[in-house]
Amino acid sequence: MHRPPREAPSAGTPPTLWTAQAKTVARAEALRRRRARPPADLAAQSERTVAALLAWPPLLSAGTVAAYASLDDEPATEALRTALRARRCRVLLPCLDADDDLDWAPDTGAPLRRGLRGTDEPPPPRLGREAVSAADVVVVPAVAVARDGTRLGRGGGSYDRALQRVRPGTPVVALLFDGDLLEAMPRAAHDVPVTHAATPSGIVALGGGPSAVP
């Protein structure tokens, strides 16, 4: 497991600024590790991560899943979304708004279109920002995740806003490559933790729960 730098802030540095700086360092290091790996290795890891998630009991019983269309340096989600639709599971995908918050639209299998900041999203109609509250499982992207559930994203805060609308008790799982699960990471006041991490080795419960679940 990798541990990001934990140096104390220098005298006069506001804690919020130090946390932002530490997260920037951790994000750059995590992305550097990903981009240094051979594409074939990342593809194989993606397949194992998705296979573990598809066999996870909360996902097997889910009627609605909020997922996302992956970027090139993230575990690929197309096979996950295709398998969920084949199970007649309703899949929701995020649509980035100009204020960096997330609206949602159904993933019907129709071609996605390019949205803001290079993300792919479904064509209209949109369902509204509160649509994520209908999800039985929420699958989120992450650059890295800590054992306490702290999630490191791309820095826009979109999912921290969206996850506040998730029903209490709903599993929120981040898709990771090997090495993306950290022992610790700085957490800002607005960061919303995730409950699980999906890795090539299986599903890991976070926040003090069991180290792994079937």
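**Ground rules**

I am working from a predicted model, where local features need pLDDT of at least 70, side-chain atom pairs count only at pLDDT 80 or more, and totals for chains, interfaces and linings use all residues. Residues are numbered from 1 along each chain as its sequence is written, and side-chain values use heavy atoms, with hydrogens and water left out.

**Entry 1: the overall fold**

I began with the element list: five helices and twelve strands. Both kinds are DSSP runs numbered from the N terminus (helices are H or I with at least four residues, strands are E with at least two). Next I looked up burial, and 50% of the 214 residues in the chain count as buried. Buried here is under 20% relative accessible area, exposed is over 50%, and partly exposed is in between (1.4 Å probe, protein chains only). For contacts (heavy atoms within 4.5 Å), I took pairs at least 6 apart in sequence, and 68% of those join residues at least 24 apart.

**Entry 2: the largest pocket**

I looked for pockets on a 1 Å grid over the protein atoms alone; a pocket is an open set of points where a 1.4 Å probe fits, with protein on both sides within 12 Å along at least five of seven lines, and lining residues have an atom within 4 Å of a point. Points are joined across faces, edges and corners, and the volume is the space filled by probe spheres set on them.

The largest pocket comes out at about 660 Å³. It has 30 lining residues, and Arg-151, Arg-154, Gly-156, Ser-158 and Tyr-159 are the closest to its centre. Two or more lining residues come from each of helix H1 (15–35), strand E2 (90–96), strand E8 (151–152) and helix H5 (158–162). H1 gives the most, with four. I sorted the lining by type and got twelve nonpolar, eight polar and ten charged residues. In that sorting, Ala, Val, Leu, Ile, Met, Phe, Trp, Tyr, Cys and Pro are nonpolar, Asp, Glu, Lys and Arg are charged, and the others, Gly among them, are polar.

**Entry 3: the second largest pocket**

This one has a volume of about 210 Å³. Of its 16 lining residues, Ser-70, Leu-71, Ala-76, Thr-77 and Glu-78 are the closest to the centre. Helix H2 (39–54) and helix H4 (78–86) each supply at least two residues of the lining, and H2 gives the most, with four. By type, the lining divides into eight nonpolar, three polar and five charged residues.

While on H2 I also checked Ser-46, which lies in that helix. Ser-46 is buried, with a relative accessible area of 8%. Leaving out residues up to four places away in sequence, Ser-46 touches Glu-74, Pro-75, Ala-76 and Phe-177.

**Entry 4: cores**

I defined a nonpolar core as a set of buried Ala, Val, Leu, Ile, Met, Phe, Trp, Tyr and Cys residues joined through side-chain atoms within 4.5 Å. The largest has 45 residues, and those with the most contacts inside it are Leu-53, Leu-59, Leu-80, Trp-104, Val-138 and Val-139. I followed up Val-138: beyond its neighbours within four places in sequence, Val-138 contacts Ala-66, Val-132, Leu-163, Val-166, Thr-170, Pro-171, Val-172 and Val-173. There is also a second, separate core of nine residues, with Ala-30, Leu-31, Leu-152 and Leu-182 among them.

Which residues of H4 are buried? I found Leu-80, Arg-81 and Leu-84. They sit on the same side of H4, because they cover an arc of only 95° around the axis (taken from the directions from the helix axis to the C-beta atoms). These buried residues pack against H2, helix H3 (57–60), strand E1 (64–66), E2, strand E6 (137–141) and strand E9 (172–175). The face turned away from the buried side carries the exposed residues Glu-78, Ala-79 and Ala-86.

Most residues other than glycine have a negative phi, and most peptide bonds are trans, so I listed the exceptions I came across.

- Arg-88 is not a glycine, yet has a positive phi of about 65°. Arg-88 is in the loop between H4 and E2 and counts as exposed at 79% relative accessibility.
- Asp-100, also not a glycine, has a positive phi of about 70°. Asp-100 is in the loop between E2 and strand E3 (102–106) and is buried, with a relative accessible area of 18%.
- Pro-124 and Pro-125 are joined by a cis peptide bond, with omega about 15°. Pro-125 is in the loop between strand E5 (120–121) and E6.
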